[in-house]
Amino acid sequence: QVQLVESGGGLVQAGGSLRLSCVASGTIFSIFTMGWYRQAPGKQRELVATITSAGWINAADSVKGRFTISRDNAKNSVYLQMNSLRPEDTAIYYCNARFSTAYWGQGTQVTVSS
């Protein structure tokens, strides 16, 4: 049973930074593709960024140059460093682990005030 626990969300002013963390348990973390997705009120869940077991990164155009995804296999963790935050980044951010099956965390709220 794979469990994902996110942390690091909160309220920040536009232009500020936050760092999200996700810790995985119950699996061989290193083989999974890990990712962050977000869902704003009234909108569909969307990709923010993913990182494969080999370290290949895919990121949404809207966050390129501002957000950085990274992973630490020794700590079973994936991170999302978010800089230059904008009000439109406000959403619930979900951690995702994918191998043959996809797993989701409970989500952490990020609110960016203007």
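## Overall build

What share of the 114 residues of the chain counts as buried? The share is 40%. Buried means under 20% relative accessible area, exposed means over 50%, and partly exposed lies in between (1.4 Å probe, protein chains only).

This is a predicted model, in which local features need pLDDT of at least 70 and side-chain atom pairs count only at pLDDT 80 or more, while totals for chains, interfaces and linings use all residues. Residues are numbered from 1 along each chain as its sequence is written, and side-chain values use heavy atoms, with hydrogens and water left out.

The chain has 11 strands and zero helices. Both are DSSP runs, numbered from the N terminus: helices are H or I with at least four residues, strands are E with at least two. Along the sequence the pattern reads β-β-β-β-β-β-β-β-β-β-β.

## Size and contacts

The C-alpha trace spans about 40 × 25 × 25 Å along its principal axes. A compact globule of 114 residues would have a radius of gyration near 13 Å, and the chain agrees because its value is 13 Å. That radius is taken over C-alpha atoms, and the globule rule is 2.2 Å times the number of residues to the power 0.38.

Contact means heavy atoms within 4.5 Å. Take the contacts in the chain with a separation of 6 or more: residues 24 or more positions apart account for 54% of them.

## The open sheet

Strands of a sheet pair through backbone hydrogen bonds, either parallel or antiparallel. Here, two strands pair if DSSP finds at least two bridges between them.

Four strands form an open sheet in the order β1-β3-β8-β7, with antiparallel pairing. The edge strands are β1 (3-7) and β7 (67-72), and each pairs on one side only. Neighbouring strands of this sheet are turned by 15 degrees against each other on average, direction ignored. The axes behind such angles are lines fitted to C-alpha atoms, for helices over the stretch in contact, and angles run from 0 to 180 degrees between N-to-C directions. β1 and β3 run antiparallel and are joined by five bridges. Leu4 stands opposite Ala24 in β3.

## Strand β4 and its partners

How many of the seven residues of β4 are buried? Six are, and the strand is mostly covered. β4 pairs with strand β9 (residues 91-98) in the antiparallel sense, over seven bridges. Gln39 has Ile92 as its bridge partner in β9.

β4 (residues 33-39) is also joined to strand β5 (residues 46-51), by five bridges, and these two run antiparallel. Gly35 has Thr50 as its bridge partner in β5. Met34 stands opposite Ile51 in β5.

## Two hairpins

β4 and β5 form a hairpin with six residues between them. Gly42 sits in the turn and has a positive phi of about 80 degrees.

Ile51 has Ile57 as its bridge partner in β6.

## Aromatic rings

A pair of aromatic rings is described by the distance of the centres and the angle of the planes. Rings of Phe, Tyr and Trp (its six-membered ring) pair if their centres lie within 6.5 Å; planes under 30 degrees apart count as stacked, over 60 as edge-to-face and the rest as tilted.

A search of the whole structure finds four aromatic pairs. One of them is Phe32 with Tyr103: the ring centres are 6.2 Å apart and the planes stand at 50 degrees, so the pair is tilted. Phe32 lies in the loop between β3 (18-25) and β4, and Tyr103 in strand β10 (residues 102-104), so the pair ties together parts 71 residues apart in sequence. Phe32 counts as buried, at 5% relative accessibility. Tyr103 counts as partly exposed, at 28%.

Tyr37 and Trp104 form another pair: their ring centres are 5.1 Å apart and their planes at 70 degrees, so the pair is edge-to-face. Tyr37 lies in strand β4 and Trp104 in strand β10, so parts 67 residues apart in sequence are tied together. Tyr37 counts as buried at 17% relative accessibility, whereas Trp104 is partly exposed at 39%. Ring pairs also link Phe32, Phe99 and Tyr103 into a cluster.

## A charge over rings

A charge sits over a ring if NZ of Lys or CZ of Arg is within 6 Å of the ring centre and within 35 degrees of the ring normal. Arg45 lies over the face of Tyr94, at 3.7 Å from the ring centre. The charged end of Arg45 also sits over the ring of Trp104, 4.6 Å from its centre.
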